[in-house]
Amino acid sequence: MKVQEVRKEICDNTGGADSADLRDYNARKRSVALRSSLLLAGIAIVMAIRSPVLGLDLAIGGGCGVMNMLLIMHNNERLLDGRRSRGVYGINNVVRVLGIGVLPALAGFTGPFWTLGISYAGFFAPLVSYAIVLRNAYRGK
């Protein structure tokens with residue numbers, strides 16, 4: 001059996017994104033966070049008129065969802081910049097999920113069992129909103 005030496009290519013991802021793409025990314029991140037916060041706050045206020053517990057559950061879930069979205073993005077940015085190892089990245093994600101993801105669940109236990117769904121709807125709304133905005137941005141290019 002012959003053994004061949006294979007040249008290992010080094011993949012450098014430090015200079016891949018140009019400044020226009022980064023500006024678009026940062027603008028999209030800020031606008032989605034702001035719009036999601038305003039939309040969820042408005043819906044939570046309307047829900048609180050009918051049922052204060054449901055409005056509070058949606059507000060807590062929405063606030064945690066916006067924080068979760070921003071922390072996911074921050075953690076991914078640090079990993080891609082090479083400022084975070086994969087192990088720390090994984091541990092950070094587990095801590096984030098356990099810390100922030102549990103708050104909507106705790107808020108959901110304040111009322112009937114289906115309030116958990118309302119709380120998690122607020123939690124995942126910013127991520128869904130970002131996915132829709134990103135899809136539209138890619139379709140426009």
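This is a predicted model: local features need pLDDT of at least 70, side-chain atom pairs count only at pLDDT 80 or more; totals for chains, interfaces and linings use all residues.

Me: Where is L71 found?
Reply: L71 belongs to helix α2.

Me: And which residues does L71 touch, leaving out those up to four places away in sequence?
Reply: L71 touches R96 and I100. Between L71 and R96 the C-alpha to C-alpha distance is 7.9 Å, although 25 residues separate them in sequence.

Me: Now N75: buried or exposed?
Reply: N75, which also lies in helix α2, has a relative accessible area of 2% and is therefore buried, the cut-off being under 20%.

Me: What does the side chain of N75 make a polar contact with?
Reply: The partner is the side chain of N93, at 3.0 Å. Setting aside residues up to four places away in sequence, N75 touches R84, Y89, N92 and N93.

Me: Changing topic, how do α2 and α5 cross?
Reply: The axes of α2 (residues 52–80) and α5 (residues 115–140) come within 7 Å, crossing at roughly 35°. This crossing is right-handed.

Me: Which residues meet there?
Reply: From α2, they include L54, L58, V66, M69 and I72, and from α5, they include I118, F123, L127 and Y130.

Me: How many of the contact residues are nonpolar, polar and charged?
Reply: The contact of α2 with α5 has 12 nonpolar residues, seven polar and one charged.

Conventions:
Residues are numbered from 1 along each chain as its sequence is written. Side-chain values use heavy atoms; hydrogens and water are left out. Axes are lines fitted to C-alpha atoms, for helices over the stretch in contact, and angles run from 0 to 180 degrees between N-to-C directions. Helices (H or I, at least four residues) and strands (E, at least two) are DSSP runs, numbered from the N terminus. A crossing is left-handed if the near helix is turned anticlockwise from the far one by less than a right angle, and right-handed if clockwise. Contact means heavy atoms within 4.5 Å. Ala, Val, Leu, Ile, Met, Phe, Trp, Tyr, Cys and Pro count as nonpolar, Asp, Glu, Lys and Arg as charged, and the others, Gly among them, as polar. Buried means under 20% relative accessible area, exposed over 50%, partly exposed in between (1.4 Å probe, protein chains only). A polar contact is a pair of N or O atoms within 3.5 Å; within protein, one must be able to donate a hydrogen and the other to accept it, and residues adjacent in sequence count only if both atoms are side-chain atoms.
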